[in-house]
Amino acid sequence: MMISLATTFMRPGRAAWLALALGLGGIHTGSASAQQAPKELKIAAVLASTPDEPWASSFLKAWGEVRAEKPHGLEINAPVYTDNAWGDPAEAALRLYARKGYDIVFALSSYSDQVKKIRNLYPKTLFVLTGNPNEALGGNSFLLYNRIYEPSYLLGVVAGSMTKTGVVGAVGYFPTEDQNDAMNAFFAGARSVRPDVKQKVAYIGSWWDPPLALESSKAQIAAGADQIYMMAGSFEACKQTVVCYGSYRDYTSTAPKNIASNSLGSWKPGLHWIIDQWYQARSADKPYNGNMDKRNFGMAEGGADITPLNTAVVSPAVAARVEAVRAKILAKEFVVPLVTTKPQSD
């Protein structure tokens, strides 16, 4: 329960004068109740896709892990969310959660237009916009990225080391900033070991359509790609002779003879950061101060990594090369270039 602070100034009464005369205390010119720190936290989320989609599923997984950790001793609810919501339905869901008293509402896609319409109506609700394209709004709206371009670079090192055709591909959802950066890093990693590598790029135009992603991967195979970064899911084509790479979760068991590794984006550091912002504001009964920059937690901060390299696919020599680069990224001795422009096929 929040206790609103109110300080009342008054003339010292008889008891205060008596205490002063007896040396028992000073004059109290006011009184204030200490703000009670919150003990519970209610979180909700609005998803643009199904909860099985990698971006959403990795978020829900991290939510469960952070909930078990009980930051600040908080009791946090199990995941509550609305999925497959866009436009007016997304706005209605965001509004409903705020009206029901949820403390933090994650808008897990490009929902800044919807949040902008309602956030001033619910100043006690902290809204979190994730990724791009989203507008930084400040106030009770925060902007959180979950970039995977650093581990994508490492996957590219594997692909560049292993390609026989000299052609590597990538299949994504939309040409958004946080899809483009991962693809560009993947191609940059491949060229770091094989400068003459050719790249093939495809976007399926949907946030979750495995059949369409499958067709795109088949087209890249037909164009000569033997290493494919399947950011849009669907690994059926990877069960052939090509080597594939997954994103945001571990897909290795889907095609254990053909998936070399996966990039992982961990939401845990971001969740802890958001919860800290909420807790500090609520404990002090102060308004939120949402960030206007693009907050991201990289590999050195525990926000991203790759899954262990699949020894059935990756040779020890390639694994050693990748681990050497990984160690430099973690030690901040090597900075992976962040390139957000849309990549093009060669």
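Tyrosine 81 is partly exposed, because its relative accessible area of 32% falls between the limits for buried (under 20%) and exposed (over 50%), computed with a 1.4 Å probe on protein chains only. The structure is a predicted model, in which local features require pLDDT of at least 70 and side-chain atom pairs pLDDT 80 or more, whereas totals for chains, interfaces and linings use all residues. Residues are numbered from 1 along each chain as its sequence is written, and side-chain values rest on heavy atoms, with hydrogens and water left out.

Tyrosine 81 belongs to strand S4; strands (E, at least two residues) and helices (H or I, at least four) are DSSP runs numbered from the N terminus. Strand S4 is part of an open five-stranded sheet with the order S4-S2-S5-S6-S7 and parallel pairing, where pairing requires at least two DSSP bridges between two strands. S4 and strand S7 (141-144) form the edges; each has a single partner strand, so one side of each lacks a neighbour in the sheet. Within this sheet, S5 and strand S6 (residues 126-130) run parallel and are joined by four bridges, and isoleucine 104 has leucine 126 of S6 as its bridge partner.

Parallel pairing also involves strand S10. Four bridges connect strand S8 (residues 167-172) with S10, and glycine 169 is bridged to isoleucine 228 of S10.

Aromatic contacts were then examined. Rings of Phe, Tyr and Trp (its six-membered ring) are paired if their centres lie within 6.5 Å; planes under 30 degrees apart are classed as stacked, over 60 as edge-to-face and the rest as tilted. This rule gives 16 aromatic pairs. In one of them, the ring centres of tryptophan 86 and tyrosine 111 are 5.8 Å apart and the planes stand at 55°, so the pair is tilted. This pair links distant parts of the chain, 25 residues apart: tryptophan 86 lies in the loop between strand S4 (81-82) and helix H3 (87-99), and tyrosine 111 in the loop between strand S5 (104-108) and helix H4 (112-118). Tryptophan 86 is partly exposed at 37% relative accessibility, whereas tyrosine 111 is buried at 0%. One aromatic cluster is formed by Trp55, Phe59, Trp63, Phe106, Tyr248 and Trp267.

Charged groups were also located over aromatic rings, the criterion being NZ of Lys or CZ of Arg within 6 Å of the ring centre and within 35 degrees of the ring normal. Lysine 42 lies over the face of tyrosine 102, 4.4 Å from the ring centre. Arginine 295 places its charged end over the ring of tryptophan 273, at 5.6 Å from the centre.

Grid points are joined across faces, edges and corners, and a volume is the space filled by probe spheres set on the points.

The largest pocket holds about 250 Å³. Its lining comprises 16 residues, with Lys61, Tyr248, Leu264, Gly265 and Ser266 nearest the centre. Helix H2 (54-69), strand S12 (259-265) and strand S13 (304-306) each contribute at least two lining residues, and H2 provides the largest share, five residues. Five lining residues are nonpolar, six polar and five charged, where Ala, Val, Leu, Ile, Met, Phe, Trp, Tyr, Cys and Pro count as nonpolar, Asp, Glu, Lys and Arg as charged, and the others, Gly among them, as polar.

Two cavities of 30 Å³ or more are found in the whole structure. The largest cavity, of about 210 Å³, is lined by 18 residues, of which Glu53, Trp55, Leu108, Ser109 and Trp207 lie nearest its centre. H2 and helix H6 (177-193) are the elements giving two or more residues to this lining, which contains eight nonpolar, eight polar and two charged residues. The second largest cavity has a volume of about 40 Å³; its lining has four nonpolar, four polar and no charged residues.

Notes:
1 Å grid on protein atoms, 1.4 Å probe; cavity = no way out; pocket = protein on both sides within 12 Å on 5 of 7 lines; lining within 4 Å.
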